[in-house]
Amino acid sequence: EAVSKYGVYYTPPEVVQLVVAEVDNALRDGLGSQGLLDPQVNLLDPACGTGTFLIAATGLVAHQTASRFGTGSVGAEVAGFAQRMNGFEILVGPYTVAHYRMLREVKGRGGATAHLPIFLADTLAPPAGITGVATHLDFMGAPMVAEREAADTVKRDTPILAIMGNPPYRRLRSGEVTRLVGTHIGHLWEDFKRPVREAGLQRSLNAFPDLYVAFYRWALWRLFETEHACRRGVVGFITNRGFLTGPGFGGLRKMLRERFDVIRIIDFRGNNKGTRPADIEKDENIFNIEVGVCVLIAYATGQKPEGVEGEVRYADVWNHNCFSREEKLTLASDAARNRNL
């Protein structure tokens with residue numbers, strides 16, 4: 001039920017580690033920071049599930065700390081990072097597990113914390129107070145009101161510099177856009193639709209409504225458009241790869257190129273209904289799903305002149321002769337360590 005309604009999927013650890021490593025690299029190479037280890041870097045997973053990406057990021061911070069400052073510094077650094085990483089999760093079960101796993105991770109690394117900024121929240125819902133939105137919380141108990149208000153603070157005010165994760169992706173049926181995406185993002189993603197309509201490709205928008213598209217629009221809003229946005233930063237998502245070529249997603253591609261300096265695509269393909277080389281019997285997916293997937297890592301320095309489009313760098317697993325799930329995950333694991341994709 002949760003999987004079918006919200007598009008929730010288990011993410012292989014090899015891919016999680018790749019996304020985390022790529023985000024860390026982008027923060028270093030693109031933004032000139034110390035990566036996830038930098039005390040000025042606030043991280044957010046907007047669909048954190050059971051906390052897999054947050055835990056992997058914590059592990060990377062622990063490893064880098066041990067390498068640079070010695071193992072005696074790990075506990076304090078991990079405890080500090082645990083207050084700079086944020087997570088939103090809409091489902092109670094995964095949210096509870098994420099808290100437990102992260103607390104255990106911090107303690108296991110020698111750190112201590114009484115609070116984690118992981119919130120039971122609908123990411124796509126607008127924070128109270130923006131664009132005239134009135135949030136009615138009278139029906140909720142005091143702890144839930146406090147949880148919503150804390151999540152709203154992260155949405156509005158926290159200087160988020162990196163957004164990463166595996167946001168849900170599922171085609172939305174008629175009537176589901178308002179219920180699952182909401183009017184806030186539903187209004188904002190008109191920016192994605194307008195260029196498609198202007199190009200005379202209105203019919204191609206039939207494939208447009210998907211949860212992952214809403215999360216791309218939300219991430220752009222959070223990094224660039226909120227009152228306290230940094231106007232720069234990194235996005236690292238693994239999503240449906242349909243937006244790479246589908247005409248209905250031209251507006252999404254356009255805004256990504258406008259906002260970011262560099263966009264890096266790692267295409268894992270795996271579309272069971274798509275084409276493949278004639279001598280390849282099957283192109284396996286790294287998930288147990290029908291649609292192909294890709295990793296997108298994009299960074300914005302905040303210094304790109306207006307009107308200049310970002311550079312797109314594309315890596316295709318087919319060029320590495322990877323067609324089975326095992327081959328693709330091995331490639332991802334190797335790339336996370338060696339930056340060779």
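T275 is exposed, with a relative accessible area of 74%. Exposed here is over 50% relative accessible area, buried is under 20%, and partly exposed is in between, with a 1.4 Å probe and protein chains only. T275 sits in the loop between β6 (262-269) and β7 (293-300). Helices (H or I, at least four residues) and strands (E, at least two) are DSSP runs, numbered from the N terminus. Between T275 and F215 there are 27 Å in space, C-alpha to C-alpha, and the two are 60 residues apart in sequence.

A word on the model. It is predicted, so to speak of local features we need pLDDT of at least 70, side-chain atom pairs count only at pLDDT 80 or more, and totals for chains, interfaces and linings use all residues. Residues are numbered from 1 along each chain as its sequence is written, and side-chain values use heavy atoms, with hydrogens and water left out.

Now the sheet. In what order do the eight strands run? The order is β3-β2-β1-β4-β5-β7-β6-β8, in an open sheet with mixed pairing. Two strands pair if DSSP finds at least two bridges between them. At the edges are β3 (118-120) and β8 (311-316), each pairing on one side only. From one strand to the next, the twist averages 15°. Axes here are lines fitted to C-alpha atoms, for helices over the stretch in contact, and angles run from 0 to 180 degrees between N-to-C directions.

β1 (residues 42-45) pairs with β2 in the parallel sense, over three bridges. D45 stands opposite G87 in β2. β1 also pairs with β4 (residues 160-165), again parallel and over three bridges. There, L43 has A162 as its bridge partner, and L44 has I163. Which way do the β1 residues point? N42 and L44 point one way, L43 and D45 the other, and all are buried.

Next, β4. Six of its six residues are buried, so the strand is mostly covered. β4 and β5 pair in the parallel sense over four bridges.

Contact means heavy atoms within 4.5 Å.

Start with E105, in helix α5 (residues 92-108). E105 counts as buried, at 17% relative accessibility. Leaving aside neighbours within four places in sequence, E105 is in contact with I55, T58 and G59.

T158 is in the loop between α6 (142-156) and β4. Buried or exposed? T158 is buried, at a relative accessible area of 17%. Not counting residues up to four places away in sequence, T158 touches N42, T153 and R222.

R241 is in the loop between β5 and α10 (250-259). R241 is buried too, with a relative accessible area of 16%. What does R241 touch? Not counting residues up to four places away in sequence, R241 touches D267, R269, G292, V293, C294 and Y314. V154 is 29 Å from R241 in space, C-alpha to C-alpha, and the two are 87 residues apart in sequence.

Last topic: the second largest pocket. Rolling a probe the size of a water molecule over the atoms shows where empty space is left. On a 1 Å grid over the protein atoms alone, a pocket is an open set of points where a 1.4 Å probe fits, with protein on both sides within 12 Å along at least five of seven lines, and lining residues have an atom within 4 Å of a point. About 390 Å³ of space lies in this second largest pocket. That volume is the space filled by probe spheres set on the points, which are joined across faces, edges and corners.

How many residues line the second largest pocket? The lining has 19, with Q17, A21, A56, L60 and A336 nearest the centre. α2 (13-29), α3 (52-69) and α11 (325-338) are the elements that give two or more residues to it. α2 gives the most, with seven residues. By class, the lining has eight nonpolar, six polar and five charged residues. Ala, Val, Leu, Ile, Met, Phe, Trp, Tyr, Cys and Pro count as nonpolar, Asp, Glu, Lys and Arg as charged, and the others, Gly among them, as polar.
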